[in-house]
Amino acid sequence: MIQLSIIIPVYNAERYIRRCIHSIIAGHSLENIEIICVDDGSKDKSGEICEDFSKKYQNIYVIHQTNQGVASARNTGLSMAKGEYIAWVDSDDYVETRWLIDILSIIRNKHPGMILLDYYEEDISGKKNKVLPFKEGDINQSDVIYELSRDTILRSYLWRYVIHRSFFKD
């Protein structure tokens, strides 16, 4: 059973996509996960780079579509995902070494409806600043809903969340 589907919408990201995918898979077995790269009509070599990864790793899949925008690419990936949980990573981003390990551990031990991820903002000089709007640990559902509706503290960036598949039914 696939525990986690990671969807990467890709558009003209040949400068970044290798680093993005490598950061997810580095040092990990891809057991129980899948990575779905949705090439949204890239005019550069992004799609070919993703295909190269899919030839090397059986759990990396590539879907090519005409350019329809990032929301469409994410929805295409979602329609193909087999995982119990869904995560997104933007093609110009990369994840920390423990990202996958920590997510899978939380899924196995807590079975949450959603995981809210912290992240780093990197300035021009390369300095990283950690962004985490809540103290580490559990937060309640009403706080999450309230803050998402305000879109100030909790921004509605999909790459900040790992969401249980049941959320997307109906």
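Visitor: What makes strand 1 and strand 2 (residues 33-40) a pair?

Guide: Seven bridges join strand 1 to strand 2, and the two run parallel. Two strands pair if DSSP finds at least two bridges between them, so strand 1 and strand 2 qualify. A word on the model: it is predicted, local features need pLDDT of at least 70, side-chain atom pairs count only at pLDDT 80 or more, and totals for chains, interfaces and linings use all residues. Residues are numbered from 1 along each chain as its sequence is written, and side-chain values use heavy atoms, leaving out hydrogens and water.

Visitor: How do you know what counts as a strand or a helix?

Guide: Both are DSSP runs numbered from the N terminus: a helix is H or I with at least four residues, a strand is E with at least two.

Visitor: Why is strand 1 (residues 4-10) called mostly covered?

Guide: Seven of its seven residues are buried; that means under 20% relative accessible area, with exposed being over 50% and partly exposed in between (1.4 Å probe, protein chains only). Leu4, Ile6, Ile8 and Val10 point one way, Ser5, Ile7 and Pro9 the other, and all are buried.

Visitor: And what makes strand 3 (60-65) and strand 5 (114-116) edge strands?

Guide: Start with the sheet: six strands form an open sheet in the order 3-2-1-4-8-5, with mixed pairing. Strand 3 and strand 5 each pair on one side only, and that makes them the edges. From one strand to the next, the twist averages 20°.

Visitor: Why are helix 1 (residues 17-25) and helix 2 (residues 46-56) called roughly parallel?

Guide: Two packed helices are described by the angle between their axes and the distance between the axes. Helix 1 and helix 2 pack at about 25°, their axes 10 Å apart. The axes are lines fitted to C-alpha atoms, for helices over the stretch in contact, and angles run from 0 to 180 degrees between N-to-C directions. Angles under 35 degrees count as roughly parallel, over 145 as roughly antiparallel, 65 to 115 as roughly perpendicular and the rest as oblique. Helix 1 and helix 2 are therefore roughly parallel.

Visitor: Which residues meet there?

Guide: Ile17, Arg18, Ile21, His22 and Ile25 in helix 1 meet Ile49, Cys50 and Phe53 in helix 2, contact being heavy atoms within 4.5 Å.

Visitor: How do you know whether Asp90 is buried or exposed?

Guide: Its relative accessible area is 16%, so Asp90 is buried. Asp90 is in the loop between strand 4 and helix 4 (99-110), and touches Ile8, Pro9, Cys20, Arg74 and Trp159, not counting residues up to four places away in sequence.

Visitor: What makes Asn12 and Asn32 worth a look?

Guide: Most residues other than glycine have a negative phi. Asn12, in the loop between strand 1 and helix 1, has a positive phi of about 45°. Asn32, in the loop between helix 1 and strand 2, has a positive phi of about 70°. At 32% relative accessibility Asn12 counts as partly exposed, and at 24% so does Asn32.
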